[in-house]
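Hi everyone, thanks for coming. Let me walk you through one structure and a few spots in it.

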Amino acid sequence: MRIATHRSPTNHHRPSDHIKELNNARPIKPFFFLKPPSSILPPKSGPLLRPRGVKLHFEVEFAVIMGKTVTDLHESDEKGALDAIDGYAVSIDMTARNAQDEAKKKGLPWSIAKGFDTFLPISDYIPKNRISNPHNVELWLSVNDEVRQNDSTGLMLFRIPRQLADISQCMTLEKGDVVLTGTPKGVGSLEVGDVLKAGLRVDGEDVEEGRIEVEVEVKKGLYEYKET
(Lines give C-alpha, C1' and ligand atoms only; values in the text may rest on other atoms or scores of the structure.)
Protein backbone atom coordinates (compact mmCIF):
# COMPACT_ATOMS: atom_id res chain seq x y z
CA MET A 1 0.00 0.00 0.00
CA ARG A 2 1.81 3.13 -1.23
CA ILE A 3 -0.83 5.71 -0.32
CA ALA A 4 0.29 8.09 2.40
CA THR A 5 -2.80 10.23 2.48
CA HIS A 6 -2.81 13.69 3.98
CA ARG A 7 -6.40 14.31 2.95
CA SER A 8 -8.91 13.16 0.35
CA PRO A 9 -10.36 15.99 -1.75
CA THR A 10 -13.60 14.69 -3.21
CA ASN A 11 -15.18 16.33 -6.22
CA HIS A 12 -18.88 16.93 -6.02
CA HIS A 13 -19.39 17.06 -9.77
CA ARG A 14 -20.97 13.98 -11.24
CA PRO A 15 -22.36 12.66 -14.52
CA SER A 16 -25.64 14.35 -15.38
CA ASP A 17 -27.76 11.27 -14.57
CA HIS A 18 -26.42 11.28 -10.99
CA ILE A 19 -27.06 15.01 -10.64
CA LYS A 20 -30.68 14.37 -11.61
CA GLU A 21 -31.15 11.47 -9.17
CA LEU A 22 -30.06 13.68 -6.24
CA ASN A 23 -31.98 16.73 -7.52
CA ASN A 24 -28.79 18.79 -7.57
CA ALA A 25 -28.18 21.80 -9.81
CA ARG A 26 -25.71 21.30 -12.68
CA PRO A 27 -22.47 23.01 -11.58
CA ILE A 28 -20.61 25.51 -13.76
CA LYS A 29 -17.27 24.63 -12.15
CA PRO A 30 -15.89 21.84 -9.93
CA PHE A 31 -16.90 21.87 -6.27
CA PHE A 32 -15.07 19.77 -3.70
CA PHE A 33 -15.04 18.81 -0.03
CA LEU A 34 -12.60 16.92 2.20
CA LYS A 35 -12.70 13.51 3.87
CA PRO A 36 -10.32 12.96 6.82
CA PRO A 37 -7.55 10.33 6.68
CA SER A 38 -9.30 8.52 9.56
CA SER A 39 -12.22 7.76 7.22
CA ILE A 40 -10.03 5.53 5.04
CA LEU A 41 -10.75 1.80 5.15
CA PRO A 42 -7.54 0.23 3.81
CA PRO A 43 -7.51 -2.45 1.09
CA LYS A 44 -8.72 -5.92 2.05
CA SER A 45 -9.95 -4.75 5.46
CA GLY A 46 -13.32 -4.23 7.08
CA PRO A 47 -16.01 -4.06 8.16
CA LEU A 48 -17.67 -0.90 6.90
CA LEU A 49 -19.31 0.65 9.96
CA ARG A 50 -22.76 2.25 9.86
CA PRO A 51 -23.33 4.64 12.78
CA ARG A 52 -26.63 4.24 14.57
CA GLY A 53 -29.45 6.28 13.08
CA VAL A 54 -27.57 6.96 9.84
CA LYS A 55 -29.01 6.42 6.36
CA LEU A 56 -25.89 5.05 4.70
CA HIS A 57 -25.38 5.64 0.96
CA PHE A 58 -22.63 4.40 -1.37
CA GLU A 59 -20.92 6.20 -4.28
CA VAL A 60 -18.20 4.36 -6.21
CA GLU A 61 -15.46 6.69 -7.46
CA PHE A 62 -12.28 6.62 -9.52
CA ALA A 63 -9.43 7.79 -7.28
CA VAL A 64 -6.35 9.69 -8.45
CA ILE A 65 -3.20 9.39 -6.31
CA MET A 66 -0.87 12.36 -6.51
CA GLY A 67 2.81 11.71 -7.21
CA LYS A 68 4.14 15.20 -6.68
CA THR A 69 3.23 18.47 -5.02
CA VAL A 70 1.40 20.91 -7.29
CA THR A 71 -0.08 24.33 -6.74
CA ASP A 72 -1.86 26.83 -8.94
CA LEU A 73 -2.19 24.60 -12.01
CA HIS A 74 -3.86 26.26 -14.97
CA GLU A 75 -6.91 24.43 -16.30
CA SER A 76 -5.33 24.35 -19.78
CA ASP A 77 -2.20 22.56 -18.46
CA GLU A 78 -3.47 19.05 -19.08
CA LYS A 79 0.04 17.58 -19.39
CA GLY A 80 1.16 19.14 -16.11
CA ALA A 81 -1.85 17.73 -14.30
CA LEU A 82 -1.53 14.21 -15.72
CA ASP A 83 2.25 14.16 -15.12
CA ALA A 84 1.59 14.91 -11.43
CA ILE A 85 -0.40 11.67 -11.03
CA ASP A 86 1.40 8.66 -9.53
CA GLY A 87 -1.35 6.07 -9.88
CA TYR A 88 -4.99 5.23 -9.34
CA ALA A 89 -7.40 3.27 -7.13
CA VAL A 90 -11.07 2.44 -6.76
CA SER A 91 -12.81 4.07 -3.82
CA ILE A 92 -16.27 4.24 -2.29
CA ASP A 93 -17.38 7.59 -0.92
CA MET A 94 -19.78 6.70 1.90
CA THR A 95 -22.32 9.31 2.97
CA ALA A 96 -24.59 9.66 5.99
CA ARG A 97 -27.36 10.94 3.73
CA ASN A 98 -29.75 12.13 6.42
CA ALA A 99 -26.94 14.04 8.11
CA GLN A 100 -25.94 15.56 4.78
CA ASP A 101 -29.53 16.53 3.94
CA GLU A 102 -29.87 18.28 7.29
CA ALA A 103 -26.57 20.11 6.78
CA LYS A 104 -27.61 21.28 3.31
CA LYS A 105 -30.98 22.44 4.57
CA LYS A 106 -29.43 24.46 7.40
CA GLY A 107 -26.39 25.73 5.48
CA LEU A 108 -23.99 23.75 7.67
CA PRO A 109 -20.71 21.97 6.72
CA TRP A 110 -20.87 18.38 5.47
CA SER A 111 -17.98 17.00 7.52
CA ILE A 112 -20.16 14.86 9.76
CA ALA A 113 -21.88 13.28 6.75
CA LYS A 114 -18.64 12.30 5.02
CA GLY A 115 -16.06 11.80 7.73
CA PHE A 116 -17.05 8.83 9.91
CA ASP A 117 -14.48 6.08 10.44
CA THR A 118 -14.44 3.57 7.51
CA PHE A 119 -16.40 5.96 5.24
CA LEU A 120 -13.75 5.67 2.51
CA PRO A 121 -13.06 2.06 1.47
CA ILE A 122 -10.21 2.06 -1.04
CA SER A 123 -8.61 -0.58 -3.24
CA ASP A 124 -4.98 -1.47 -3.70
CA TYR A 125 -2.76 0.93 -5.60
CA ILE A 126 -3.10 0.67 -9.39
CA PRO A 127 0.13 1.63 -11.23
CA LYS A 128 -0.29 4.49 -13.66
CA ASN A 129 0.87 2.38 -16.60
CA ARG A 130 -2.07 0.00 -16.10
CA ILE A 131 -4.49 2.74 -17.17
CA SER A 132 -3.40 4.56 -20.33
CA ASN A 133 -6.50 6.76 -20.46
CA PRO A 134 -8.17 7.61 -17.12
CA HIS A 135 -11.16 8.97 -19.03
CA ASN A 136 -11.93 5.56 -20.52
CA VAL A 137 -12.39 3.38 -17.44
CA GLU A 138 -15.52 1.40 -16.54
CA LEU A 139 -16.43 1.67 -12.85
CA TRP A 140 -18.83 -0.77 -11.23
CA LEU A 141 -20.34 -1.46 -7.81
CA SER A 142 -22.64 -4.22 -6.57
CA VAL A 143 -24.65 -4.81 -3.40
CA ASN A 144 -25.19 -8.47 -2.51
CA ASP A 145 -24.01 -9.33 -6.06
CA GLU A 146 -26.62 -7.07 -7.69
CA VAL A 147 -24.93 -4.46 -9.88
CA ARG A 148 -26.03 -0.99 -8.81
CA GLN A 149 -23.51 1.28 -10.54
CA ASN A 150 -21.75 0.64 -13.86
CA ASP A 151 -20.55 3.49 -16.06
CA SER A 152 -17.57 5.12 -17.72
CA THR A 153 -15.25 7.82 -16.39
CA GLY A 154 -15.73 9.38 -19.82
CA LEU A 155 -19.04 10.78 -18.52
CA MET A 156 -17.36 13.15 -16.04
CA LEU A 157 -18.69 16.71 -16.26
CA PHE A 158 -15.13 17.96 -15.71
CA ARG A 159 -12.08 15.99 -16.81
CA ILE A 160 -9.37 15.09 -14.30
CA PRO A 161 -6.89 17.86 -15.28
CA ARG A 162 -9.61 20.49 -14.74
CA GLN A 163 -10.45 18.99 -11.36
CA LEU A 164 -6.82 19.00 -10.22
CA ALA A 165 -6.33 22.54 -11.50
CA ASP A 166 -9.33 23.91 -9.60
CA ILE A 167 -8.30 22.20 -6.35
CA SER A 168 -4.65 23.31 -6.69
CA GLN A 169 -5.71 26.92 -7.16
CA CYS A 170 -7.36 26.80 -3.71
CA MET A 171 -5.02 24.49 -1.79
CA THR A 172 -1.74 22.81 -2.62
CA LEU A 173 -2.05 19.18 -3.64
CA GLU A 174 0.70 17.13 -2.02
CA LYS A 175 2.35 13.86 -2.92
CA GLY A 176 0.18 11.02 -1.59
CA ASP A 177 -3.08 13.00 -1.64
CA VAL A 178 -6.04 11.00 -2.95
CA VAL A 179 -8.54 12.83 -5.16
CA LEU A 180 -11.92 11.23 -5.79
CA THR A 181 -13.34 12.23 -9.15
CA GLY A 182 -17.11 11.77 -8.93
CA THR A 183 -19.64 8.95 -9.09
CA PRO A 184 -21.97 7.62 -11.81
CA LYS A 185 -25.71 7.17 -11.49
CA GLY A 186 -27.12 4.42 -9.28
CA VAL A 187 -26.25 5.72 -5.82
CA GLY A 188 -28.30 3.96 -3.14
CA SER A 189 -28.64 2.90 0.47
CA LEU A 190 -27.09 0.08 2.48
CA GLU A 191 -28.30 -2.03 5.39
CA VAL A 192 -26.38 -3.92 8.05
CA GLY A 193 -25.31 -7.28 6.60
CA ASP A 194 -25.05 -6.03 3.00
CA VAL A 195 -21.90 -6.99 1.12
CA LEU A 196 -20.46 -4.25 -1.07
CA LYS A 197 -18.17 -5.04 -4.01
CA ALA A 198 -16.58 -2.62 -6.45
CA GLY A 199 -13.96 -2.54 -9.17
CA LEU A 200 -12.98 -1.25 -12.57
CA ARG A 201 -12.37 -2.51 -16.09
CA VAL A 202 -10.02 -1.26 -18.77
CA ASP A 203 -10.80 -2.32 -22.34
CA GLY A 204 -13.29 -4.81 -20.90
CA GLU A 205 -10.73 -6.48 -18.64
CA ASP A 206 -10.96 -6.42 -14.83
CA VAL A 207 -8.02 -4.81 -13.05
CA GLU A 208 -7.40 -7.04 -10.05
CA GLU A 209 -5.76 -4.35 -7.92
CA GLY A 210 -8.97 -2.32 -8.15
CA ARG A 211 -11.21 -4.79 -6.33
CA ILE A 212 -13.04 -3.90 -3.10
CA GLU A 213 -15.22 -6.23 -1.00
CA VAL A 214 -16.57 -5.24 2.40
CA GLU A 215 -19.54 -6.05 4.65
CA VAL A 216 -21.63 -3.51 6.55
CA GLU A 217 -21.81 -3.78 10.33
CA VAL A 218 -23.19 -1.56 13.10
CA LYS A 219 -20.74 0.96 14.53
CA LYS A 220 -20.47 0.52 18.28
CA GLY A 221 -20.00 3.49 20.55
CA LEU A 222 -21.82 6.53 21.86
CA TYR A 223 -22.78 8.23 18.59
CA GLU A 224 -26.34 8.10 17.27
CA TYR A 225 -27.64 10.45 14.58
CA LYS A 226 -30.43 12.74 15.71
CA GLU A 227 -31.48 15.91 13.91
CA THR A 228 -30.30 19.02 15.73
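First, a term: pLDDT is the predictor's confidence in each residue, from 0 to 100. This is a predicted model, where local features need pLDDT of at least 70, side-chain atom pairs count only at pLDDT 80 or more, and totals for chains, interfaces and linings use all residues. Residues are numbered from 1 along each chain as its sequence is written, and side-chain values use heavy atoms, leaving out hydrogens and water.

The chain averages a pLDDT of 90, with 89% of the residues scoring at least 70. Over residues 1-6, though, pLDDT stays under 50. The model has 18 contacts there beyond four places in sequence, a contact being heavy atoms within 4.5 Å.

Now, Val137. Is this residue buried or exposed? Buried, at a relative accessible area of 1%; the cut-offs are under 20% for buried, over 50% for exposed and partly exposed in between, with a 1.4 Å probe and protein chains only. Val137 sits in the loop between strand 10 (126-127) and strand 11 (138-143). Helices (H or I, at least four residues) and strands (E, at least two) are DSSP runs, numbered from the N terminus. Leaving aside residues up to four places away in sequence, Val137 touches several others, including Phe62, Leu200 and Ser152.

Last, helix 3 (residues 97-106): its buried residues include Arg97 and Glu102. Among the elements covering them is helix 4 (111-114). Just after helix 3, Gly107 has a positive phi of about 70 degrees.
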